[in-house]
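Here is a short tour of one protein model, written to be read with the structure open beside you. Take it a section at a time and turn the view as you go.

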Amino acid sequence: MNSEEETLYYRLGGSEEIRQIIDDMYDRVLADPLLSGFFENVDMTKQRQMQTEFIAAALGGPEKYGGLDLAYAHAGRGITTLHLSAFVGHLLAVLEERGVSDNDIHGVVTRINTYANDITGATSSDG
């Protein structure tokens, strides 16, 4: 196998599949009363595109994330680890529904967790 076949990006199905995963995830997020308020007055077409780029790049795809720095984009929004866990939970549910292996789901969570402090504004690993 070459390195492209090894990345989570390709194991999840590449660009189009990741876009569909993100679309399904946001359908769940927007229906979640804990999270929906964060997306009031947000251009969800742009949000979905930025999230797709971010996830694709984070999972080893060829896409480049062109959005704002994560810490800057999330600063002052009141996002806690509870919110992040709920958000990631919706992503996990979509991955499970699509039959993604437990190993690859763990890999996705591990990648996302590397950005947790930027998203929540925590300054330490226990935040």
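## An exposed loop residue

Asn 41 is exposed, with a relative accessible area of 84%. For this term, buried means under 20% relative accessible area, exposed over 50%, and partly exposed in between, with a 1.4 Å probe and protein chains only. Asn 41 sits in the loop between H3 and H4. Helices here are DSSP runs (H or I, at least four residues), numbered from the N terminus. The phi angle of Asn 41 is near 60 degrees, a positive value in a residue other than glycine.

A word on the model itself: it is predicted, so local features need pLDDT of at least 70 and side-chain atom pairs count only at pLDDT 80 or more, while totals for chains, interfaces and linings use all residues. Residues are numbered from 1 along each chain as its sequence is written, and side-chain values use heavy atoms, with hydrogens and water left out.

## The aromatic cluster

A pair of aromatic rings is described by the distance of the centres and the angle of the planes. Rings of Phe, Tyr and Trp (its six-membered ring) pair if their centres lie within 6.5 Å; planes under 30 degrees apart count as stacked, over 60 as edge-to-face and the rest as tilted. The structure holds five aromatic pairs. One of them joins Tyr 26 and Phe 39, edge-to-face, at 5.5 Å centre to centre with 80 degrees between the planes. Tyr 26 belongs to helix H3 (residues 14-30) and Phe 39 to the loop between H3 and helix H4 (44-58), so this pair ties together parts that are 13 residues apart in sequence.

Tyr 26 is buried, at a relative accessible area of 0%, and Phe 39 is buried too, at 13%. Tyr 26 also pairs with Phe 87: the ring centres are 5.8 Å apart and the planes meet at 70 degrees, so this pair is edge-to-face. Because Phe 87 lies in helix H6 (residues 81-97) and Tyr 26 in H3, the pair ties together parts that are 61 residues apart in sequence. Phe 87 is buried, with a relative accessible area of 17%. Tyr 26, Phe 39 and Phe 87 form one aromatic cluster.

## The largest pocket

Where does the largest pocket have its centre, judged by the residues that lie nearest? Tyr 26 and Phe 39 are among those nearest, together with Gln 47, Gln 51 and His 74, in a lining of 29 residues. A pocket is found on a 1 Å grid over the protein atoms alone, as an open set of points with protein on both sides within 12 Å along at least five of seven lines; lining residues have an atom within 4 Å of a point.

The space in this largest pocket comes to about 710 Å³, where grid points are joined across faces, edges and corners and a volume is the space filled by probe spheres set on the points. H3, H4, helix H5 (70-74) and H6 are the elements that give two or more residues to the lining, and H4 has the largest share, with six.

## The nonpolar core

In soluble globular proteins, nonpolar side chains tend to be buried together. A nonpolar core here is a set of buried Ala, Val, Leu, Ile, Met, Phe, Trp, Tyr and Cys residues joined through side-chain atoms within 4.5 Å. The largest one has 32 residues, and those with the most contacts inside it are Ile 18, Met 25, Tyr 26, Leu 59, Leu 95 and Val 108. Helix H2 (8-11), H3, H4, H6, helix H7 (102-113) and helix H8 (116-120) are the elements that each give two or more residues to this core. H6 gives the most, with seven residues.

Leu 95 is in helix H6 and is buried, with a relative accessible area of 1%. Beyond its neighbours within four places in sequence, Leu 95 is in contact (heavy atoms within 4.5 Å) with Leu 12, Ile 21, Val 100, Ile 105 and Val 108. Leu 95 and Met 25 are 70 residues apart in sequence and 9.0 Å apart in space, C-alpha to C-alpha. Leu 8, in helix H2, is buried as well, with a relative accessible area of 5%.

Methods:
1 Å grid on protein atoms, 1.4 Å probe; cavity = no way out; pocket = protein on both sides within 12 Å on 5 of 7 lines; lining within 4 Å.
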